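Open the model in your viewer and keep the sequence panel in view. The stops below say what to select and what is there.

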Amino acid sequence: MKIEFTVDKSGNITRARQAKGTTIADYRLIEKCISAVQRARLNELPNAPQTQTGLITFRFRVR
């Protein structure tokens, strides 16, 4: 599952959503991944643009 996010120059996640092309349909799992990304904090970069976008991929395996 892929989560697309936006981060500000202070390292705060300002937006997170399911990226296109994700094949997982379990809404609870999607919400857990989005919530994990929203709780993340990245390094502050004073010279960075106001916002930047990124993509995090979560991989799940059935055992």
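**A tour of the sheet, helix and core**

Start with β1 and β2, which run antiparallel and are joined by 5 bridges. Keep in mind throughout that this is a predicted model.

Next, select the turn. β1 and β2 make a hairpin, with 4 residues between the two strands. Pick Gly 11 in that turn: its phi is positive, about 95°.

Now go along the hairpin and look at facing pairs. Val 7 has Ile 13 of β2 opposite it. Glu 4 stands opposite Arg 17, again in β2.

In what order do the strands of the open sheet lie? The order is β2-β1-β3, and the pairing is antiparallel. Strands of a sheet pair through backbone hydrogen bonds, either parallel or antiparallel. Because β2 and β3 (51–57) are at the edges and have a single partner strand each, one side of each has no neighbour in the sheet. From one strand to the next, the twist averages 20°.

Then show α1. This helix packs on the sheet and touches β1, β2 and β3. The direction of α1 makes about 160° with that of β2.

For the next stop, select Met 1, Ile 3, Phe 5, Val 7, Ile 13, Ala 16, Ile 30, Cys 33, Ile 34 and Val 37, and show their side chains. These 10 residues are the largest nonpolar core. At least two of its residues come from each of β1 (2–8), β2 (13–18) and α1 (27–39). Which element gives this core its largest share? That is α1, with 4 residues. In soluble globular proteins, nonpolar side chains tend to be buried together.

Stay with one member of the core, Phe 5. Leaving out residues up to four places away in sequence, Phe 5 touches Ile 13, Arg 15, Ala 16, Val 37, Leu 42, Gln 52, Thr 53, Gly 54, Leu 55 and Ile 56.

Last, move to the loop between β2 and α1 and select Thr 23, which lies there. Is Thr 23 buried or exposed? Its relative accessibility is 75%, so Thr 23 counts as exposed, the cut-off being over 50%. To finish, draw a distance from the C-alpha atom of Thr 23 to that of Ser 35: the two are separated by 18 Å and lie 12 residues apart along the chain.

Terms used:
Residues numbered from 1 in each chain as written. Predicted model: local features only at pLDDT ≥ 70, side-chain atom pairs only at ≥ 80, totals over all residues. Heavy atoms only, no water. Core = buried A, V, L, I, M, F, W, Y, C linked by side-chain atoms within 4.5 Å. Buried < 20%, exposed > 50% of the residue type's maximum accessible area, 1.4 Å probe, protein only. Contact = heavy atoms within 4.5 Å. Pairing = 2+ DSSP bridges. Axes fitted to C-alpha atoms, helices over the stretch in contact; angles between N-to-C directions.
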